[in-house]
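Work through the exercises below with the structure open beside you, and try each task before reading its solution.

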Amino acid sequence: MQSEELQSLTASEPLSLEEEYEMQQSWANDEDKCTFIVLDKHKFYLTRDEVESMIGDVNLFLDSGNVGEINVMIAEKHAQGKGLGKETVVQMIEYGCEVLKIEKIIAKISSSNRRSIGLFEKLGFIKESDNSVFQEITMGKNAQNEWLRWLRSEKTKQKTNSMSSVDRYSDE
Ligand SMILES: CC(C)(COP(=O)(O)OP(=O)(O)OC[C@H]1O[C@@H](n2cnc3c(N)ncnc32)[C@H](O)[C@@H]1OP(=O)(O)O)[C@@H](O)C(=O)NCCC(=O)NCCS
């Protein structure tokens with residue numbers, strides 16, 4: 001990933017092509033990592049070309065205590081702000097909780113990344129800590145059944161209405 005803006009927003013280091021391949025290999029093989037590539041489904045239906053349709057990725061890093069650290073990127077500018085980041089996060093949370101049996105999700109986000117913080121706040125995550133050295137906050141959410149039911153119902157709404165119709169989650 002060569003974009004300096006994306007490197008800064010995702011707290012990533014620039015990698016050589018060889019390092020990128022090594023990283024992909026490690027994400028594919030390591031049992032504590034799970035990754036999916038996000039495709040623009042409309043483009044994919046039209047072209048059937050996976051590479052052409054790639055718009056981002058979503059990763060879950062699993063620790064030994066059933067906590068998953070999620071990391072999302074909708075890299076293509078034309079695909080941002082259309083509800084796809086939120087839909088991607090919801091899908092990964094569902095997969096993490098139902099298949100990988102995660103009980104809590106956390107996200108480490110650059111303190112200046114208002115869009116990403118807004119996304120996770122909307123899904124009910126709350127700020128748990130603030131690291132001023134790395135200028136990064138950690139947001140977290142326990143995966144209670146009631147919250148998972150809410151996420152599922154919002155996903156159904158997204159399919160029947162517009163992509164951006166997710167209400168804000170509140171524990172109260
Ligand atoms: C952050 C990112 C994943 C968001 O995905 P997206 O598809 O652009 O965002 P969505 O359209 O799904 O918006 C999701 C929610 O984010 C919030 N949001 C979006 N833009 C916002 C902004 N400018 N300010 C505050 N909140 C904002 C809103 O709550 C929005 O929900 P709403 O549209 O129902 O109001 C995406 O923009 C991205 O990958 N950016 C570059 C890399 C990055 O920052 N990754 C995150 C690292 S943790």
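**Exercise 1. Find the bridge partner of Val38 in E2, and then follow the pairing through the sheet.**

Solution. In strand E2, Val38 has Gly56 as its bridge partner; helices (H or I, at least four residues) and strands (E, at least two) are DSSP runs, numbered from the N terminus. The model is a predicted one, in which local features need pLDDT of at least 70 and side-chain atom pairs count only at pLDDT 80 or more, while totals for chains, interfaces and linings use all residues. Residue numbers start from 1 along each chain as its sequence is written.

Next, E1 and E2 run antiparallel and are joined by seven bridges, and two strands count as paired if DSSP finds at least two bridges between them. E2 (residues 54–62) is also antiparallel to E3, again over seven bridges, with Phe61 opposite Glu69 in E3. E2 and E3 form a hairpin with four residues between them, and Asn66 in the turn has a positive phi of about 60 degrees.

**Exercise 2. Which residues of H6 are buried, and what covers them?**

Solution. Begin with the burial count, in which a residue is buried if 20 or more other C-beta atoms, placed from the backbone, lie within 10 Å of its own, and exposed if 12 or fewer do. By this count Ser116, Leu119 and Phe120 are the buried residues of H6. Seen down the helix axis, the directions to their C-beta atoms fall within an arc of 90 degrees, so these residues line one face of H6. On the other side of H6, Arg114 and Gly118 are exposed. The cover over the buried residues includes H5, E4 and strand E6 (136–142), where contact requires C-beta atoms within 7 Å.

**Exercise 3. Which element gives the most residues to the shell around the ligand?**

Solution. Count a residue as near if its C-beta atom, placed from the backbone, lies within 6 Å of the molecule. Of the 26 residues around the ligand, Gln80, Gly85, Lys86, Gly118 and Leu119 come nearest. Elements that each supply at least two residues of the shell include helix H1 (4–9), helix H5 (84–98) and helix H6 (114–122), and H6 gives the most, with six residues.

Notes: Two residues are in contact if their C-beta atoms, placed from the backbone, lie within 7 Å.
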